[in-house]
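Hi,

Here's the structure I said I'd pass along.

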Amino acid sequence: SFLLALSATVGVFAQGMFDDDAIDVVIDGLNYMLYEDKGEAIVAGYNCWDGELTIPSEVSNGDKTYSVGGINWAAFNECETLTRVVIPKSIHYIWSVSVNAVEAKNPFAYCTSLESIEVETGSPLFRSVDGVLFDAEQKTLCCFPAGRQQTTYTVPDGVESLAFSVFSGNTYLESVYFPSSVSFISSVFDGCTNLKTVQLPEGLEHITALTFWNCKSLATIDIPATVKSIGEHAFWGCSSLTSLDLPASVTQVGSGAFSECSSLSKLIIRGVLNTQYDNLRNTLND
C-alpha cells in the first residue's frame, strides 16, 4: 500500500541496496550485505525483530570478521514488533544520512511498536535525544520512533532539515511544531493518522510529494507565505481538511495533491499557478 505509493519517489535510494559485489547473508537473525574488499557489513533490507535489538558493531562469517558500518533505507521498514534499538558507534551512515541528510529515508518507518532509538556513546555521526535520533550536530532530525506514545512534539531549535519519512506511521502524534531554523522537510508525516495540528516553519519553500499522505485527522493548516510548490499527493487522504489557503508565493501544485480530501470544500488560490488546468483538476475530488 504505502510502499507501493512511495516506490517511485524513493527509487533513487534503492540504488546500491543490491550490489553484485556484496554477499547476502543472515547472521544471528539479521540480514546483512558483506563487502569482503572493505571488510564491512551493511544491515540489509526488510528485517523483522521481536523486542529490543542492539545492532552489533561487528559480525563474523566463516573465518572473516566485518565491521558493521551502515543501515540500509528499508532495513526495518514496517517491522511492527521492534520495541527499542541501539545503534553502535561503528555505524557511519544510515543509508545516505551522512551523504545527503535531506534525502535519507528513515529505516525504521512504520515500526509501530518502536518507542526508543539509542546510540552507543562515542558515535561520530549520530546522537539520541530522549530516544529520538539526530545527526551528531543535531542539525538533522533522522527518526522519531513510530511507536513513541507522545501526542505533542516540538522540533528543537537549530534543526535545519528532517530526513525522509522521519515521522512515518506514528499514530500517537497530534501536534508538531517547527522552529524557524528548519528549511527543508520531505514526506515526513505520511501515515500519521492522528495528526491534527502542524505549525510549519516560516521560510519553508516546498511541501514535497506525500508530505501529509493519509493524515486523515488534519483539519486545518497554515501554509507559510514562502512556500513555492505543493508536491504530488502532498495532502492525499487528508479527509478532515475542510479548507486551504494557498499564498501568492505558490506557483506549482503537483498532480493528486488534494486527492481523497473528501471534506475539502474551499480552496483559495491567491497567486498564479504554472500548472495545467487538467493537472489541477486532477488534484481535487470529482
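Below is what turned up on backbone angles and salt bridges.

Keep in mind that this is a predicted model.

Backbone first. Most residues other than glycine have a negative phi, but a couple of spots here go the other way. Asp-130 has a positive phi of about 55°, and Ser-165 has one near 65°. Both are in loops: Asp-130 between strands S10 (126-129) and S11 (132-135), Ser-165 between strands S14 (161-162) and S15 (175-177).

On to the charged pairs. The count comes to five salt bridges, and these are some of them:

- Asp-245 and Arg-270, with the closest N and O atoms 2.8 Å apart. Asp-245 lies in strand S19 (residues 243-246) and Arg-270 in the loop between strand S21 (266-269) and helix H2 (277-281), so the pair ties together parts 25 residues apart in sequence. Asp-245 is partly exposed at 31%, and Arg-270 is exposed at 54%.
- Lys-228 and Glu-205, at 3.8 Å between the closest N and O atoms. Lys-228 is in the loop between strands S17 (206-207) and S18 (229-230), Glu-205 in the loop between strand S16 (197-199) and S17, so this link joins parts 23 residues apart in sequence. Lys-228 is partly exposed at 41%, and so is Glu-205 at 36%.
- Lys-38 and Glu-40, 4.0 Å from N to O. Lys-38 is exposed at 54%, whereas Glu-40 is buried at 13%.

Cheers

How values were computed: Residues are numbered from 1 along each chain as its sequence is written. This is a predicted model: local features need pLDDT of at least 70, side-chain atom pairs count only at pLDDT 80 or more; totals for chains, interfaces and linings use all residues. Side-chain values use heavy atoms; hydrogens and water are left out. Helices (H or I, at least four residues) and strands (E, at least two) are DSSP runs, numbered from the N terminus. A salt bridge is a side-chain nitrogen of Lys or Arg within 4 Å of a carboxyl oxygen of Asp or Glu. Buried means under 20% relative accessible area, exposed over 50%, partly exposed in between (1.4 Å probe, protein chains only).
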